[in-house]
Amino acid sequence: MLLSACMIVKNERHTIEKCLSSLHGVVDEIIVIDTGSTDNTPDIATQYGAKVFSFTWDNDFSHARNESLRHATGDWILVIDADEYLDETQKLGLRTFLEQTDAEGVFVVQKNYLGSLQHITKSMPIRVMRLFRRGHLYSGAIHEQVADSVQRTGRPIATFDLDLHHIGYTEEFVKTKSKSQRNTNLLKAALVDDPNNLFHRSNLIAEYVLARDFQGSAALAEETFKYLMGIPKNAWPNFAPRIMLHWVASLWEIGQKDKALKVCKDGIQFFPWLTDIKKLYADMLTGQGDWIQAEKVLMECREQGDTKDGLIEVTEGAGTYFSALQLGTVWACLGDDIIARQWYLQAFFENPALESTMFPIVALMPPEPSLLREHIESKIVDAATYGNYAEMYAIRELPDAVSVVGRAEEKFGVSESTVRARMTILRQSGTDALIEYVNKFPSEISHFLLGLYLLDHQDFAQAQEWLGRAGTRGEYILKTHDLLTKTTGSQWGIRLVTRDLVAMRTERLLRACLPFAMDRKDVWTYLRHSPLSNVLSEIQWPGDTPHECEQNALRYFREHNFDQSLNWLDKAESFGKTVTQVLLRCDLALASNDITKARKIVYQGKIDFPKSEVIKNASRIVHPQLDHVQLASELVSRQQGDYYSESSKRVSECDLHDTVTCSAISIASSGRRVH
């Protein structure tokens, strides 16, 4: 017999059928150890042909796991939980692989879904050892492990492209099962008997993180790592890097950001083979606005690739598609959307299920439906990605948006994303069309979107009625709007409702409320790539970030107040250099008819940002030896030809004699070459 599936269960009736169904045609037998179900879980398992055995729960997961292994007769063991299921496509080649490999154990990918079952917000893949030859046993009362047993054989360890889709971290299951508190109690009890057990400490740190007790996780991780520093490094356990990763992330969460960066740099020295820690360092540098250094570290992640060595659960994509995605964000923050688009596309092509790529890709691609359908839509493989694609497609008001949304719903069903898409299309027809749709398809999200639309159009009575039906989000917006109306300087959080505000084109609300959003920098690039990007340059920003200073500089530039524009540009540069600043300085030089200075600025920009495509474009524009009239004519010609940009609108807003040249530089700065 080739393959046995082994699982332990208790009251799993909501998920076990999907799990067992996914095993059909792959495994030869299914061993189910029931630890005390009070529902019909054992009956369901029996109906699927599983061999079900009872086991008295003794607060030790490894005991239950090993009981399942004791009953297995296959040459290979697949360990799977009832809230997981195999990927239908990838599982087809598993048996052939197992028949041919000489490996002792095999890493597969556990894809952990966050959010709710109705609205998955994120998927976090990690590589785990769930396939191994029969004869191994688990150890550890909680977060039991088998990898050490496999490693001790000295035989090869392989990887196989198989996803275990895990829904146990979604809101529905976290609330009903209280796994985190149960695990925390078990681990604390185990540490009373064995206080220096590093494995238990590591897992308790992880449980603190899951419960968002970052103070607790940071303190325990620091204490544990100090202990590790007192023993030889060759005696460190294989999971030591996980302790470091949780320590760094927890320090960041509690606001000790400088310490988090320092500890992370130390971690890179300790574990240079671990791409995950370099990726975490790059993420923190991005959050601090050190985009130049972040880009360098992310390129190192790409060169290193995903972590291959070491028996540790790692994040798949840290050295591939997640780094590519972050590089897109970094270059967007720097102000080069050409390179940003290249990296977003790279991330999508490396992982077509990476749903967060859809917003910037659709926003930055040329508005050509055939191009999008052939190269993007045809490659989408899951519901969340397709929904995001349809949403941004509709937000951009592309001509066949209704068809795209229809295809998304036909393939994967209605989701919050497709509702946003439907309503952003109907928004163009006015209030009556929106109300008709919401009455026909009532839901919290449709009520919420309609309420936002009415609030932006200052129909407060109707807005209050619909937002009142929209659940928690509706209540939040009503309270926030009331607070911001009555109290100057009140702060609020925009991140969770940004997509809704953009879908309903709530320009009035954004102008009034965005400057007071405490998390506005988290949504900056999304807004800049959205149809509401004009709002960013219409607001008087406090100048808390380089982007805010740059937008103030841009606004004053448009008003021909060049001294103020330069002042804000100087303040922006005090945070660190960006591509946007280079091009705005070039604009200012050209506005003063100083072509020589403009060329020097662009030349220095090429030194500071040698990879920047928009600076290269600017260089091609300013360096030809043309007089002012010829240069203006050339730039207008380029604008009408192969450059596409929102900021090309600036040409018509500026005086031709004074600023046509600088307008064209802006075409290069935030525009996209359309090939």
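**Aromatic contacts in close-up**

The structure, a predicted model, holds 20 aromatic pairs. Two rings of Phe, Tyr or Trp (its six-membered ring) pair if their centres lie within 6.5 Å; planes under 30 degrees apart count as stacked, over 60 as edge-to-face and the rest as tilted.

**View A. Edge-to-face pair of Trp-57 and Phe-61.** The ring centres of Trp-57 and Phe-61 are 4.8 Å apart, with 70° between the planes. Trp-57 is partly exposed, at a relative accessible area of 28%, whereas Phe-61 is buried at 13%. Buried means under 20% relative accessible area, exposed over 50%, and partly exposed in between (1.4 Å probe, protein chains only).

**View B. Tilted pair of Tyr-437 and Phe-441.** Centre to centre, Tyr-437 and Phe-441 lie 5.1 Å apart, and their planes make an angle of 45°. Tyr-437 is buried, with 12% relative accessible area; Phe-441 is partly exposed, with 42%.

**View C. Cluster of linked rings.** Phe-225, Trp-236, Trp-247, Phe-270, Phe-271 and Trp-273 are joined into a cluster by ring pairs.

**View D. Arginine charges over aromatic rings.** The charged end of Arg-469 sits over the ring of Trp-466, 4.2 Å from its centre. Likewise, the charged end of Arg-473 sits over the ring of Phe-448, at 5.6 Å from the ring centre. A charge sits over a ring if NZ of Lys or CZ of Arg is within 6 Å of the ring centre and within 35 degrees of the ring normal.

**Notes.** Residues are numbered from 1 along each chain as its sequence is written, and side-chain values use heavy atoms, without hydrogens and water. In this predicted model, local features need pLDDT of at least 70 and side-chain atom pairs count only at pLDDT 80 or more, while totals for chains, interfaces and linings use all residues.
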